[in-house]
Protein chains: 2
Amino acid sequence: MSHLQQSFTVKFVYNVFFTGKLFESTNSLLTDFFTQQATGDTKKKLLFVVDSGVIDSHPDLSVQIKSYFSQHIDLVELIPDLLIIPGGEAAKNDPDLVEKIVEAVDTYGIDRHSYVAAIGGGSVLDLVGYAAAISHRGIRHIRIPTTVLSQNDSGVGVKNGVNYKAKKNFLGTFVPPVAVFNDSEFLYTLDDRDWRAGISEAIKVALIKDKAFFEWIEANAEALAARDMTAMSYLIHRCADMHLQHIAGGDPFEMGSSRPLDFGHWSAHKLEQLTNFELRHGEAVAIGIALDSLYSQQLGWLTEADTNRILATLRTLGFSLYQPMLDADNSAGVLKGLSEFREHLGGQLTIMLLKGLGVGVEVHEMDADRIRRAIATLREHELSTTV
Amino acid sequence: MSHLQQSFTVKFVYNVFFTGKLFESTNSLLTDFFTQQATGDTKKKLLFVVDSGVIDSHPDLSVQIKSYFSQHIDLVELIPDLLIIPGGEAAKNDPDLVEKIVEAVDTYGIDRHSYVAAIGGGSVLDLVGYAAAISHRGIRHIRIPTTVLSQNDSGVGVKNGVNYKAKKNFLGTFVPPVAVFNDSEFLYTLDDRDWRAGISEAIKVALIKDKAFFEWIEANAEALAARDMTAMSYLIHRCADMHLQHIAGGDPFEMGSSRPLDFGHWSAHKLEQLTNFELRHGEAVAIGIALDSLYSQQLGWLTEADTNRILATLRTLGFSLYQPMLDADNSAGVLKGLSEFREHLGGQLTIMLLKGLGVGVEVHEMDADRIRRAIATLREHELSTTV
């Protein structure tokens, strides 16, 4: 009975760039990146996978990309055909899309030193990141997030994934991208729902970590709702920075018991599923934040005044804080989200609640009746404001 | 134009245990392991996935496992049904097997803090490791390798994978196991081909890194061929140790240009595919070693005497060093293996050759005619010895 101990560390480094008009010939960010990455042996290939919604809003994107890289054919070999796939959470339910990307990797001979770049919302980034992570045990993956949500949260992190039997991110890996390019140009063409939805992740991280940031959002809620790009750029930068710090400072691949920043998320994941993903992730998170804030208030941890500030900020931004599926109170209902949330993260149930603005605390159980009372409050408020 | 830099390191630690009769009640290795892993919150589940070939040779295994864990129900919750899947490389071509394991993870509610343990040869470990790595972004994975090859090489490393369109390990990840238990008991029931096949990986690592180890294998080749367990235990321990050191000392997830220990492998992978995996991996590697040794000799890098010592050692062990598919000299033939090998590892073609016993050197091209001459030498020798 003997043993050998294996022990090593792996270092991961990547940059998150903030820019505009990434593919204009005067923007050298991408060429600088590929120049730095060049190792002098073989030329690398570059395959773009693009969200069909982005193509709809930017029909000239394909031409722009080809034009950009035609001036830099020595740096990287662009695969001229963009692979276009549908976006939105529903796309993550379709195993054929993963297969389609893997097949393209095979067909175009994209090797482990080559690149797959994804342009799109969080779902496309998740899907492409997953396909890239499992192909050849990991192809270099570049993310170009096009929504507020993906630019300030999911797109800058280290996770990817697809759904399995409609269970969110049941299949996935922890694999950092080699670079993230946040291009504000894409935000102008977002519809109002997508513009708004991403803001809820910033509110989430502010409420559990940074009261001053919450107060900034509160003070700028009307400007944000009116699509002020200066305010939005600050919000995205600050939120992305906090998200990156949480990953680096903790347990990046969540191997121990540390948790992601998931305040308001247990019910959000379930609501997305119960509405067949009609509710977008950020919209569901806004409801989840409202619900868990009310729950925190019931515990006596959050004052009524602070709770109302949170709800008022969410409403000023235009979020609807009640969804009829909240009342699906049966074995398949929202409360089931608690056990699914525990199962996905593993180990003991851990839920983030608030002990004040900017002060998150973890609990290991939630009371069903108290959750029902919080839901009732949201329902009553919705009825009173819509009459 | 600004950027945020993300930078973090992730530490991976696991033990490779060498034992016998792992599931006898007097063997405390597994209970010690689970005791050390216990974190005091929820009880972890444990799902076993077992190679059907192992069950055939050890029909009492299921009873043994149940009996072992029935004495330790406080430590871990055993899923009573073993999931039994076919082994051998062909199993890695079947996507339904990955699906079957993922489905079991879902059905039994195996979370990220629970365990999936694989018992079997390298293919089953690769398959289960892959399914565990992608489920919930990574379930804790225990390996119990049952063949020489998996105990001294693949099973102790950090890779997993399955084939895609018969391309070897086209899909996979770099994810270390949480523990490896090498149980010598399983080696007694191996057929001679599997006993022998695993030895070629030890010859491979000895030839490129450690002349003394090669000379030990040469001196013990008859004992190994005669199934001497003491010799085999030493060989496995030394080979596993060198494999672990190479991983930890280099670039564990092969993110840069460093290579795995793959002397003799470019043709081996292709031969496996060309024979529809009739040829086992270790058998193909033995041929690959012979081929690249002869090639090294042709370059004047290896003396005829040293080349003959290598070929003689392989033959004493019982390896056949010629396979008719070596002569499949067309666009789908063995030479195609060079470009596929480059593509799978990415970047520039890099092939390990020998500049002496224990001295591996990397080259970036191979000459087709010289390869054909090395094949001809193997063919002629085969004909002369079988007449």
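A salt bridge is a side-chain nitrogen of Lys or Arg within 4 Å of a carboxyl oxygen of Asp or Glu. The structure discussed here is a predicted model.

Q: Which residue meets A:Glu215 in a salt bridge, N to O?
A: A salt bridge pairs a nitrogen of Lys or Arg with a carboxyl oxygen of Asp or Glu, within 4 Å. In this pair the N to O distance is 3.0 Å. The partner of A:Glu215 is A:Arg309.

Q: How many residues apart are A:Glu215 and A:Arg309?
A: A:Glu215 lies in helix H9 (residues 211-219) of chain A, and A:Arg309 lies in helix H14 (residues 304-316) of that chain.

Q: How many salt bridges are counted between chain A and chain B?
A: Over all chains, the structure holds 46 salt bridges. One that joins the two chains is formed by B:Asp111 and A:Arg342, with the closest N and O atoms 3.0 Å apart. The count between chain A and chain B is 8.

Q: By what turn can chain A be laid on chain B?
A: The superposition has an RMSD of 0.0 Å, and the shift along the axis is 0.0 Å. The two copies are thus related as by a two-fold rotation axis. In chain A, the C-alpha nearest that axis belongs to A:Val10, at 2.7 Å. The turn is 180 degrees.

Q: What area is buried between chain A and chain B?
A: The contact involves 72 residues of chain A and 71 residues of chain B. Carbon and sulfur atoms give 55% of the buried area. The area is about 6900 Å².

Q: Which element gives the largest share of the side of chain A that touches chain B?
A: Between the two chains, 31 residue pairs are in polar contact. The elements that give two or more residues to this side of chain A include helix H4 (95-107), helix H11 (229-249) and strand S1 (2-19). The largest share is 18 residues, and it comes from S1(A).

Q: In which sense do S1(A) and strand S1 of chain B pair?
A: Strand S1 of chain B covers residues 2-19, and its pairing with S1(A) runs over 17 bridges. Within this pairing, A:Tyr14 stands opposite B:Gln6 in S1(B). The sense of the pairing is antiparallel.

Conventions:
Residues are numbered from 1 along each chain as its sequence is written. Chains are lettered from A and ligands numbered from 1 in the order in which they are written. This is a predicted model: local features need pLDDT of at least 70, side-chain atom pairs count only at pLDDT 80 or more; totals for chains, interfaces and linings use all residues. Side-chain values use heavy atoms; hydrogens and water are left out. Copies are superposed by least squares on the C-alpha atoms of residues with pLDDT of at least 70 in both. Contact means heavy atoms within 4.5 Å. Buried area is the accessible area (1.4 Å probe) that two parts lose on being put together, summed over both. A polar contact is a pair of N or O atoms within 3.5 Å; within protein, one must be able to donate a hydrogen and the other to accept it, and residues adjacent in sequence count only if both atoms are side-chain atoms. Helices (H or I, at least four residues) and strands (E, at least two) are DSSP runs, numbered from the N terminus. Two strands pair if DSSP finds at least two bridges between them.
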